[in-house]
Amino acid sequence: MFFFVDNNDPNAELLQILNDLMFRWESEVVEFKEANNDYDKGKIGKYFSAISNEANLKGLQFGWLIFGVRNKDRKVVGSDYRSTKGLDALKYEISQSTTGGISFIEIFEVYPVVDGDKKRVVMFQIPSAATAIPTGWNGHYYGRYGESLGALSVEELDRIRGQEKKDWSRQIVEGATINSLDENAITVAREEYKRRMNKQHISDETDAMTDMEFLVKHKLIINGKVTNAAMILLGNGDYDYLLNSPPQIMWRLYGSDGNDKGYEIFCIPFITEAEQVFKQIRNLPYRYMPSQTSLFPADTQQYDTWILRELLNNCIAHADYKVGNRIYVNEFEDKIKFTNPGTFLPGTIEPVLNVSYNPPFYRNQLLAEAMYKFYMIDTASMGIRKVFRIQRDKFFPMPDYDLSTQNQVSVEVYGKVIDENYSRLLFNNREFDLSTVYLIDRIQKREPITKEAVTYLRKLGVIEGRLPNVYISAIVAEGKDEKAQYIKNKGLDEAYYRQLIIDYITQFGKASRADIRKLLFSKLPDVLSNEQKENKIKNILKVMSKNGVIQRDSDNLRTSNWIIT
């Protein structure tokens, strides 16, 4: 770690990303510059083109250009680049000379503390080149060769131009016009865009635009024609038939008996209807004891409202609308399950929890970009991590992603504690990162983890037992009941079991397998299944026999008894 990150810092996630990028150092999609006071805009444009093209070739969503880090010794030195002039104007300036007028996704200013001093670092988030369209700067196409900047090779240029992958959300809806959109939805989009940008001159510019100009600016209308993204977010429900498969969100409520207690179906425009779905969800008060060091319970709501909105809007952004299935929000007494059609592009959830995770292309790139601008999702790839982080900070179970069904992604969010020991462990170890908490969460849910993960958790001292029967360590077994359960889980020393067998045979002269089973079965660890307990007894007898402590009194395994040797 190159500098300490305070988790209470509002830019903690970005600072973690900076730390990780510095650790991995420069590549085709990451460049560091000292840029003390100023930096040539032409060079910025060349790096913009190069990093954008390389991100496309690597299947990534974006890359980074970072000012304020010295290249030769990887030290944060800070940068005064445009500290007084401001950075917003640079977005516009860059867009004037790039292919298609694209510019930075976002420009972040962060202030890591190094040697007791705050240092200003500027992080330019550069979007990947659009599918089949290489990013140029002043008509020239640039690329990277390791850390070097140069012209994009003819082979790489042909690879980008030969791409056939299409952004469904960018495609045109035949027969749709601006009159097919909902006026109220457009008004909401305007207001949320102004709130996202939070700049007076941008608000004034937006207010001066007609609806057509506003939608053209955000590429929701292209060459006078309405895109799928525009219909999904802003479409009038009366015109949903213009889409091949009219998109819908279905909310369902289930009782404790598993029966359906109610449902409602919501159609476009999703920018306003998503809020109506959110209002259907019951978010009840919940009281629990995260620690036994206090007599006062913690009072909270079952679900963090930010999590509910983020996951619902993620379903909208990432759904495969060509499949035609609905988005589902299934509400149970202790959890909520969000389901959308499509595949989970990262493949598994583990990589997403890393602070420097760089996502692949969005399935609906234009739709995701519009939802970011309209304050619906976070495209800095932090959304899912923030969901996990919020659950961790509440000492609640981690979300469960189910990717087992073809063309379907489901995620369950828990609204209550499963295992109090897990919550106490997080309470006492708040420094654990998300990847570690994710593994501990799998332990409390009795889900399989790798041998490497078990070794890692055992070194932390948070688990005991052997695969597949590992359990949370006594570090969290604070109360009398928990300690008793811990002993039952851990079991007793094998010497104790062997002595019981010896004492029994000494007193009664012999012992059948059934006698020994009756003697030991209830004393074996609770975490073992009946079959595992049978094997445990068998192994104990085998070891005692091999060591010459006991032996059978005949060769008939069915009728023989164990006796002292």
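Biologist: In what sense do strands β14 and β15 pair, and over how many bridges?
Modeller: Keep in mind that this is a predicted model. Strand β14 covers residues 249–254 and strand β15 covers residues 260–266. The two pair in the antiparallel sense, and the number of bridges is six.

Biologist: Which residue in the hairpin of β14 and β15 takes a positive phi?
Modeller: Five residues sit between the two strands of this hairpin. One with a positive phi, near 85°, is Gly258.

Biologist: On to the helix, then. Is α2 largely enclosed by the rest of the structure or largely open?
Modeller: Helix α2 runs over residues 41–57, which makes 17 residues. Buried means under 20% relative accessible area, and 13 of the 17 residues of α2 are buried. That is why α2 counts as largely enclosed.

Biologist: Which residue with a positive phi follows α2?
Modeller: After α2 comes a residue whose phi is near 70°, namely Gly59.

Biologist: Is Asn340 buried or exposed?
Modeller: Asn340 lies in strand β19, residues 335–341. Beyond its neighbours within four places in sequence, Asn340 has contacts including Cys315, His318 and Val409. Its relative accessibility is 7%, and the cut-off is under 20%, so Asn340 is buried.

Conventions. Residues numbered from 1 in each chain as written. Predicted model: local features only at pLDDT ≥ 70, side-chain atom pairs only at ≥ 80, totals over all residues. Heavy atoms only, no water. Helix = DSSP H or I, 4+ residues; strand = E, 2+ residues; numbered from the N terminus. Buried < 20%, exposed > 50% of the residue type's maximum accessible area, 1.4 Å probe, protein only. Contact = heavy atoms within 4.5 Å. Pairing = 2+ DSSP bridges. Expected span 1.5 Å × (residues − 1).
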